[in-house]
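I opened my notebook today to look around one protein model, one item at a time. Come along and check each entry against the picture.

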Amino acid sequence: MDTLLIINDPPYGTERLYNGLRLAHALMKRDGRVTVFLMGDAVSGAKKGQKTPEGFYNTERMIRRVTTKGRVLLCGTCMDARGLTEEEVADGAERSTMDALAEATEQADKVLVF
């Protein structure tokens, strides 16, 4: 089963990105493909070099973990609006487009929005 998770919220301040990535990790243990598409403020969760307090979740590490078996796509327009360049994003995460999101939506068996 192919699952697409679309996440809109910022990495810290709410826990939607955190919980969406936790679900992605759980789904990767099962058969099927997982794609995470980050939009809006969620794209900043893929920024390289995050330093979070000891014992606190780190979305960069969580995103890199998803990319070991799944895909993490970032809305390019959202990146541009936040001044985030491709060089600044976590390894494995990819700049993407609305056309790619439309294709991933059509191909997915389930689409979940956070």
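**Entry 1: disulfides.** I looked for disulfides in this predicted model, and the count came to 0. I reminded myself that a disulfide is a covalent bond between the sulfur atoms of two cysteines. Next I looked up how two of the cysteines sit. Cys75 has a relative accessible area of 5%, so I wrote it down as buried. Cys78 comes out at 13%, and because buried means under 20%, Cys78 is buried as well.

**Entry 2: the fold.** How many helices and strands does the protein have? I found 4 helices and 5 strands. Reading along the sequence, I noted the pattern β-α-β-α-β-α-β-α-β. I then looked up the radius of gyration, which is 13 Å. The globule rule gives 13 Å for 114 residues, so the protein is as compact as a globular protein of that length. Along the principal axes, I noted that the C-alpha trace spans about 35 × 30 × 25 Å.

Entry 3: I looked up how much of the chain is tucked away: 43% of the 114 residues count as buried. For contacts, I considered those with a separation of 6 or more, and 72% of them join residues 24 or more positions apart.

**Entry 4: the largest pocket.** I noted that rolling a probe the size of a water molecule over the atoms shows where empty space is left. The largest pocket has a volume of about 210 Å³. I counted 14 residues in its lining, and the closest to the pocket centre are Arg33, Thr35, Arg71, Ala104 and Gln107. Which elements give two or more residues to this lining? They are strand E1 (3–7), strand E2 (34–38) and helix H4 (98–107). H4 gives the most, with 4 residues. I also sorted the lining by class and got 5 nonpolar, 4 polar and 5 charged residues.

**Entry 5: Gly76.** I moved on to helix H3 (residues 76–81), where Gly76 is found. Is Gly76 buried or exposed? Gly76 has 2% relative accessibility, so I marked it as buried. I set aside its neighbours within four places in sequence and found Gly76 in contact with Arg95 and Ser96. I also checked Gly76 against Pro53: they are 23 residues apart along the chain, and their C-alpha atoms are separated by 29 Å.

**Entry 6: Thr77.** Thr77 also lies in helix H3. Its relative accessible area is 62%, so I marked Thr77 as exposed, whereas Gly76 counts as buried. I looked up Thr77 with Tyr57 too: they are 20 residues apart in sequence and 26 Å apart in space, C-alpha to C-alpha.

**Entry 7: Arg95.** I followed the contact from Gly76 over to Arg95, which is found in strand E4 (residues 93–96). At a relative accessible area of 33%, Arg95 is partly exposed. Which residues does Arg95 touch, leaving aside neighbours within four places in sequence? I listed Leu74, Gly76, Met79, Asp80 and Glu86. Last, I looked up Arg95 and Val66, which are 29 residues apart along the chain, with C-alpha atoms separated by 15 Å.

Notes. Residues numbered from 1 in each chain as written. Predicted model: local features only at pLDDT ≥ 70, side-chain atom pairs only at ≥ 80, totals over all residues. Heavy atoms only, no water. Disulfide = S-S within 2.5 Å. Buried < 20%, exposed > 50% of the residue type's maximum accessible area, 1.4 Å probe, protein only. 1 Å grid on protein atoms, 1.4 Å probe; cavity = no way out; pocket = protein on both sides within 12 Å on 5 of 7 lines; lining within 4 Å. Points joined across faces, edges and corners; volume = space filled by probe spheres on them. Nonpolar A, V, L, I, M, F, W, Y, C, P; charged D, E, K, R; others polar. Rg over C-alpha atoms; globule rule 2.2 N^0.38 Å. Contact = heavy atoms within 4.5 Å.
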